Amino acid sequence: MRLYLIGFMGSGKSHVGKALAKKMQLQFVDLDDLIVSTANAPISSIFSEKGEEYFRQLEQRCLKETLHLQNTIVATGGGTPCFYDNMNWINQHGFSLFLDVAPSILIQRLEKEMEKRPLLAKLSKEEMSRFIHQKLEDRRSFYERAHIVYNQNTGTQTVVKDLNYYFLNIIGH
Ligand code: S3P
């Protein structure tokens, strides 16, 4: 069983994924970490030195490597489902869950860590806010193809409780 968490940057895929993996006694893998160890370079350097196209190809390669993992929750990158046939691939090879978080909350969270994110690093706060609204709108149709769409308006504890319920009772893990 593989569970792919998808959603925008700052939606809490890694945070929620780690807590849920602990509760469900599953492994946890962050796709960004796989990319960093494969390239032996931080995401921001991959973007700045090799460009986004190179990053997206590497991202797809690392995504497909998760096929070897069992009983694992995979936190994908915010762009992963939106390139190539990645969203189809995710849905064919695991269960997917979209963590749907309101743009105002994403903005609050991402303001604190813009330098770490190559797509946001050079933007002013106003530009970042416009960028997030626009990008989320562009990406929503990919994200909404997830098996489960979860509107996250509460704290991590409630999310983990709800998601644990889904996977135990609906998917029958
Ligand atoms: C990206 C999201 C990032 C990372 C890269 C590109 C995106 O992952 O993969 O900076 O296109 O939204 P997180 O969603 O884990 O921050």
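I looked up the ligand contacts first. In this predicted model, an oxygen atom of the ligand lies 2.8 Å from an N or O atom in the side chain of Lys 13. I count a polar contact as a pair of N or O atoms within 3.5 Å; within protein, one must be able to donate a hydrogen and the other to accept it, and residues adjacent in sequence count only if both atoms are side-chain atoms. For Arg 117, the distance from a side-chain N or O atom to a ligand oxygen atom is 2.3 Å. At Gly 78 a polar backbone atom is 2.8 Å from an oxygen atom of the ligand.

I then listed the surroundings: 13 residues surround the ligand, each with a heavy atom within 4 Å of it. Lys 13, Asp 32, Arg 56, Arg 117 and Arg 139 are the closest.

Next I checked the largest pocket, whose volume is about 770 Å³. Its lining has 35 residues, with Met 9, Gly 10, Asp 32, Glu 113 and Arg 117 closest to the centre. A pocket here is an open set of points on a 1 Å grid over the protein atoms alone, where a 1.4 Å probe fits, with protein on both sides within 12 Å along at least five of seven lines; lining residues have an atom within 4 Å of a point. The volume is the space filled by probe spheres set on the points, which are joined across faces, edges and corners. I sorted the lining into 10 nonpolar, 14 polar and 11 charged residues, with Asp, Glu, Lys and Arg as charged and Gly among the polar.

I noted that residues are numbered from 1 along each chain as its sequence is written. Local features need pLDDT of at least 70, side-chain atom pairs count only at pLDDT 80 or more, totals for chains, interfaces and linings use all residues, and side-chain values use heavy atoms, with hydrogens and water left out.
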